[in-house]
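Me: I am new to this structure. Could you show it, and then let me ask how its charged pairs are judged?

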Protein chains: 2
Amino acid sequence: MSDISPPRRRPGGRTARVGAAVHEAVRALIEERGRDGFTGRDVAERAGVNEATIYRRWGTLDNLVLDVAVAVAKLNQEQPLPDTGSLRRDLLLWAERMTTELGAPEGLSLLQAAIAARAHTATDSDRARQITDIAAARADLIQQMLDRARTRGEHTPTLSRVLDRLVAPLYLRAIFGYGRTELDLDDILDNTLAE
Amino acid sequence: MSDISPPRRRPGGRTARVGAAVHEAVRALIEERGRDGFTGRDVAERAGVNEATIYRRWGTLDNLVLDVAVAVAKLNQEQPLPDTGSLRRDLLLWAERMTTELGAPEGLSLLQAAIAARAHTATDSDRARQITDIAAARADLIQQMLDRARTRGEHTPTLSRVLDRLVAPLYLRAIFGYGRTELDLDDILDNTLAE
C-alpha cells in the first residue's frame, strides 16, 4: 500500500479548487444571511462539494468561518498602506478603510470568530493563534505608518496609543452602534496625535 | 374549548422554574466549555427539561444564549455604581469591574451575541434591539456618574468621550488581547478626563 500518494495540495489541484469553492460559498452565504443563517449543508450545496469533505477538512463550521475570515483579513492587509506624506492623513484614510471593513458582514464575522477563539484559548490554541496573528499583522501595518512618519521627522505616538485612541473606538462603534453619540474622527485623530 | 387557560407565567410557576433551570445550565456550560462547546441537547440534559421545550421557547440556541447574556448583563448593571466622591476614582473602579466582566466567559458570550445580533439587524430586529438596550443601559450608568460629578462641580467629559477613550480600549483588549502592548489605565484616565 506504500505506493498510494498523499493527497496533492498544489495550486490548481483538486484540494485547492475545493478550498476556493468552499470559501466563495461561505463569503456569499455570510453576505446574504449573516454568520448564523446557514449550515454546513448549505455551504456544501452552494460549493458543489460533499458535506463530509467540509467536515473532514475543517472539522466544524466555526473553524471554516474562522478560516474564511482570516483569509479575507489577509487579503485586506495586502492592500497598499496609505502613504500621503502626512501621518494624520494616512491614519484618516486607514481609519475610513477599517470602518468600511468592520461594517461589512465578513468584518463582523471575523470579530465573532476572534471572540469565539478567545473564549477557547485554553482548549483550542490553534484558533487562538490565528487571531493573535491577525491582530499582530494589523498592528505591524500601523507600526509601518508610524515608522515612516518618524523617518520624515514627524512627531509620532506609540503603537499602543494608536490602538487605544484610534482603533478601539472604531471597533466599539462597529459592535454597539452609535446610540445617541457620534463618532468624531477629527477629535479622535487630534487625541491620537496629541504631543 | 374556550375554557382552556393560557399557560401561566407567574413567578415560581413551571415556566419560571424551567427558565431558571435552563439559564443556569447555559451559564454552567459556557463556563465549562465556552460558547461553541455545547448543543441544545446538552442544555436540556443539564437543566432536566425536554429539548423541544427549549426550541419552542427560544427558537434557536443562539437566541437562548443571547437571552442569558442579556440577563447576566442586567444583573451586573444592578450592582451599585461606584460613588467615591471623585470621578476619576469612580471611573477607575468601574473600569476594573468591566475588565473583570469582559474577561469572564459570559462577558465574551455577550459580546459574541452582540455582534451576531448586529449582523442580523436587517432580519431580526428583536435581537438587535436587545443589544441596543444593553448598550444604552450601560451608557446610562456612565452618564449617572458624570452627572454626579458635574453636580459636585467637577470638570466632566462628555459621554461620547468616555465611550471612546475609556470604554473602547477595554473592549479592544478584551477581544484581541494585549500583544506586545500594555493597557495603561492611568494614562487612559488622564486622557479621558483631560480638559
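This is a predicted model: local features need pLDDT of at least 70, side-chain atom pairs count only at pLDDT 80 or more; totals for chains, interfaces and linings use all residues.

Me: What makes Glu101(A) and Arg138(A) a salt bridge?

Reply: A salt bridge needs a side-chain nitrogen of Lys or Arg within 4 Å of a carboxyl oxygen of Asp or Glu. For Glu101(A) and Arg138(A), the N to O distance is 3.2 Å. The pair therefore meets the cut-off. It links distant parts of chain A: Glu101(A) is in helix α5 (residues 87–103), Arg138(A) in helix α7 (residues 125–151), 37 residues apart. Helices here are DSSP runs (H or I, at least four residues; strands are E, at least two), numbered from the N terminus.

Me: Why is Glu101(A) called buried?

Reply: Buried means under 20% relative accessible area, exposed over 50%, and partly exposed in between (1.4 Å probe, protein chains only). Glu101(A) has 18%, so it is buried. Arg138(A) has 12%, so it counts as buried too.

Me: How do you know that Asp147(B) is partly exposed?

Reply: Its relative accessibility is 34%, so it falls in the middle class. Arg150(B), at 44%, is partly exposed as well. Asp147(B) and Arg150(B) form a salt bridge, with the closest N and O atoms 3.4 Å apart. Both lie in helix α7 of chain B, three residues apart, about one turn of the helix.

Me: Which residue of chain B forms a salt bridge with Arg173(A)?

Reply: Asp164(B) does, with the closest N and O atoms 2.9 Å apart. This pair crosses between chains, from helix α8 (residues 159–176) of chain A to helix α8 (residues 159–176) of chain B. Both Arg173(A) and Asp164(B) are buried.

Me: How many salt bridges are there between chain A and chain B?

Reply: The count is six. One pair that meets in a salt bridge is Arg165(B) and Asp187(A), at 3.8 Å, N to O. Within chain A, Arg88(A), Asp186(A) and Asp190(A) are linked in a network of salt bridges.

Me: How many residues does the contact between the chains take?

Reply: It takes 42 residues from chain A and 41 residues from chain B, where contact means heavy atoms within 4.5 Å. The area buried between them is about 3600 Å², of which carbon and sulfur atoms give 60%. Buried area is the accessible area (1.4 Å probe) that two parts lose on being put together, summed over both.

Me: Why is Asp90(B) not counted in a salt bridge?

Reply: The nearest side chain of opposite charge, Arg148(B), is 4.1 Å away, and the cut-off is within 4 Å, so no salt bridge is counted. For charge, Lys and Arg count as positive and Asp and Glu as negative; His and the chain ends are not counted. Not counting residues up to four places away in sequence, Asp90(B) touches several residues, including Met145(B), Arg148(B) and Arg152(B).

Terms used
Residues are numbered from 1 along each chain as its sequence is written. Chains are lettered from A and ligands numbered from 1 in the order in which they are written. Side-chain values use heavy atoms; hydrogens and water are left out.
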